[in-house]
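Please keep the sequence and the coordinates at hand while reading.

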Amino acid sequence: MAHSTRPMTDWRKAKLPVFAFLAPATIIYTVFMIYPLLDSIRLSFYTSVSGGDLTFVGLDNYRTILGDPGWSATFWNAFWNNMKFFAVHMLVQNPIGIALAAVLSLPQLKLRNTYRTLIFMPTMLSVVVVGFIWQLILSPVWGVGPEILDIFGLKSLFGPWLGKEGSALITLALISVWQWVGIPMMLIYAALLAIPEDLVDAAVVDGASHFEVFLHIKLPLVLPTIAMVSILTFVSNFNAFDLIYSVKGALAGPNFSTDIMGTLFYRTFFGYQLQLGSPTLGATVASLMFIIILVGVLFYLFVVQRRLSRYQL
Amino acid sequence: MADQFDLECRNVGKNFDRFVAVDNVSLTIPKGSFFSILGPSGCGKTTLLRMLAGFQEPTSGDILIKGKSVLGVPPNRRPVNMVFQHLALFPMMNVADNVAYGLRRRGVDKATINRKVAETLARVGLPDSGPKQISQLSGGQKQRIAIARCLVLEPAVLLLDEPLGALDLKLREHMKVELKQLQHEIGTTFVYITHDQSEALVMSDQVAVMNAGKFEQVGTPQDLYYNPQTAFVASFVGESNRWRGTVGETTGDYVAINLDKGGVILADKAAHASLPTGQDVEIFVRPEAIAIGRSDAAPDPVPGNNSLTGTVENVLFNGAASSVQIRETATGHEMSVALPQTGAFANLRAGDVINLAWHASQTRCFAGVLPSGIEGGQS
Ligand SMILES: Nc1ncnc2c1ncn2[C@@H]1O[C@H](COP(=O)(O)OP(=O)(O)O)[C@@H](O)[C@H]1O
Ligand SMILES: [Mg+2]
C-alpha cells in the first residue's frame, strides 16, 4: 500500500463539530450516570436528623455499616453470599457456556441455529417470570419438579431446595445460570468462529484429536473472551437483585441466607417491614457496592487483561 | 513399479453437490521431485490438495501414496503434511513447541523430540529460534518454521498451498529460490500449488496446469513454455502476443493464418497439420521470439519469416527484462516485444518506426476461441 499523507486535522477549525458530536453522549452520560453516582457517594457522608435535615458526618456511616456488630454481620453475610452467588456462576455458567459454544462450533452439528435459539431464549424472559416459573417447578407442595424427577426414578432426591437455608442460595444461583448461560455461550461461540480453520486443520494433520484441538488451540485463543465474560458476570452478579427479590422478597429468606448486596441495599434504603429506610445508609451500601465492583474491574483491567495475550491470527 | 511414485492420483474427481470442482485428474509424482499445480484462482487446486491431505474424500477415483490407496485414511495417518496458505502456526506456542506439536501427539519421548526439533530447526537454517514467539519472526522465518513443523514428522510428501501468497514481492522472489534449494537438500517430494506462473516455472521439476477442475497439460517448465498444448496453457504460462484469425492456404512448409483484423501470419504446417482450412484459431507469439530492427535496415527476406512494421508506443525499461509496446501498422494490433539485452536499442523512443520479424516456427495456433479475460499470471 502506498503511504498517502493524510491532511492533518486542523483542531481550531474542527472544534465546533467535535464538541457538537460529543455533546449528546457526554451530557446524557453526565446527567444520568456520573452526577447520580457522585451525588450518592456524597449522600453517604451525611446523615438525616430529625425531619430530614442533612448533616455531614464524614465516614460515620461507613463505620456503622462495617463496625456496628449488627450491621457488619448483615453486610458481611450479604457480601459472602454474593461471592458464593458469583462462584456458582463462574464454576457452572462459564464452563457450560464454553462447552455449549464448543459443541455449537462443531462442523458436523445439525440444527445448529435451533439449539442456539433455544439456549438463548431464557435470556429474553423477564426475571420475574423466570423466578415464578422456577418456584412453580420447585415447590414441594404443587411443583412439577418431584414428578419430573420421578420419571428418572430420582424422586427420593427431591427436597424443598428453595426453602432450606443450606441450599436456597445455590438453587437461586443455578436458576440464574439457567437463564443467562446463553450469553457466555454466544460470546464464546463468536470468538470460536473467528479462529481460522487452517489452524485447526494444521493441528489435525499433526495428529490432534477434537478434544486436543480444543484444549491446545481454541481455548487459548478464546481466553480473552472468557476473561471478559467473567468480569461481566462479576459486575452483573454484584448488581443482582431482581431474581432474589422476585423469589424471596426483600428479606431474602430463609433467615437472610439468600441476602446479597442488592437486597441489602434495598432494605437499607427503602426499609422493609419493621426496619425504617435510610437514604444515607442506603447510599453508603451503594457506595460500598460500587467500590467492590470497581476493585473487581480494576483487577481485571490491570492484572488479568495484561497477562492474557491476544494473538494476531 | 508403483513404489517409484510417492504420490499417484487415478481419475480423481470431486463434486460439491452438482458443481464439479475437480474433474477426472490423474497424476504421478516421482519420489523426491518438486511438482507444482498451477492454475487461476477457483480452479480447484486447494480442493485437490485437501483430498491429498485427507481433509476431503474424492467423489470418484483413487489416491495412492507410496503405492497404497489412502482413501478413508484420516489426515494424521497419511504420510503427508501440509503447509497452509496463511501458514497456520500456533500463535500461543513458541517456535520449538510449534515444531514439536506433531511429535508430542504421536507420543514420542522427550529426548527424541528435543533432538529432532533441534535438527529440523537447523535444517531450515534457524537453529537458535526455538524459544522465540511466533510474533517475533519475520515473514520469511515464519515460512521456514511452517515447513520445519511439517518436515519434523518426516512426511513422504509435503503439500504446500500457495505458501508465498502472503509475503511481499521482494521476499517472495527470495523465498522462491530458497524453497527450491531447501527441497533439493532434503529430498522430500513437494506438491506445490500456486496461481503465480513464475513461482511454478522457477521451482518445479514438473508443472501441471489446471483450469476449471481439469489438468490442461503436465510437463516440465520448459515444455509448458515452449510447447504449450492448449490455448489456455499458452496464455496462462508466460506472456504472449495474441491474435485471432482463420487458417488459410498452405504454401510449402508454411500455412498462412488470416487475421480477423487484416494481415497474414505464417505458421509451420507440420506443427499445425491438424487444423483444417477455415478453422478459427487463436495465435500466440512470445515477445522474445520477435526480433526487432530499425526501419531503414530492412530485414533479408527469409522463407517462412513473418515481417511486420510498427510504431513504438512505450518503452518499458526494466534492465534485462525490458520490453517495448508497439502498435502494429497494418492491423493496429498492440504487441509487446522483448528488447535485446545488448543495449542496441537503448535509444529507442516512442514514435519510432521499427521492423518486427519472427520465424513461422515461433507461431502457435490453437483451434477455437478462448473466452476473454484469461490472461497469464504476470508478476
Ligand atoms: N466445501 C465446498 N463446498 C462447495 N464448493 C466448494 C467447496 N470448496 C471449494 N468449493 C468450490 O470449488 C471451487 C474450487 O475451489 P478451490 O479448490 O478452493 O480453488 P483454488 O484453490 O484453485 O482457488 C471453487 O469454485 C469453490 O467455490
Ligand atoms: Mg486455494
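A salt bridge is taken here as a side-chain nitrogen of Lys or Arg within 4 Å of a carboxyl oxygen of Asp or Glu. By this rule, 21 salt bridges are counted over all chains. One of them joins B:Arg78 to B:Glu57, with 3.4 Å between the closest N and O atoms. B:Arg78 lies in the loop between β5 (68-69) and β6 (80-83) of chain B, and B:Glu57 in the loop between α1 and β4 (60-65) of chain B, so the pair ties together parts that are 21 residues apart in sequence. Helices (H or I, at least four residues) and strands (E, at least two) are DSSP runs, numbered from the N terminus.

The model is predicted: local features need pLDDT of at least 70 and side-chain atom pairs count only at pLDDT 80 or more, whereas totals for chains, interfaces and linings use all residues. Residues are numbered from 1 along each chain as its sequence is written, chains are lettered from A and ligands numbered from 1 in the order in which they are written, and side-chain values use heavy atoms, with hydrogens and water left out.

Oxygen atoms of the ligand lie 2.6 Å from a polar backbone atom of B:Gly42 and 3.1 Å from one of B:Gly44. For B:Thr46, an N or O atom in the side chain is 2.5 Å from a ligand oxygen. Ligand 1 taken alone exposes 560 Å², of which the protein buries 59%; these areas come from the Shrake-Rupley method with a 1.4 Å probe.

Confidence per residue is expressed as pLDDT, from 0 to 100. Chain B averages 88, and 95% of the residues score at least 70; chain A averages 89, with 94% of the residues at that level. In chain B, pLDDT stays under 50 over residues 372-379. Where pLDDT is low, the predicted coordinates should not be read in detail. The model scores ipTM 0.76 and pTM 0.78.

Definitions and conventions: Polar contact = N/O pair within 3.5 Å; in protein donor to acceptor, adjacent residues only side chain to side chain. pLDDT = per-residue confidence, 0-100. Contact = heavy atoms within 4.5 Å.
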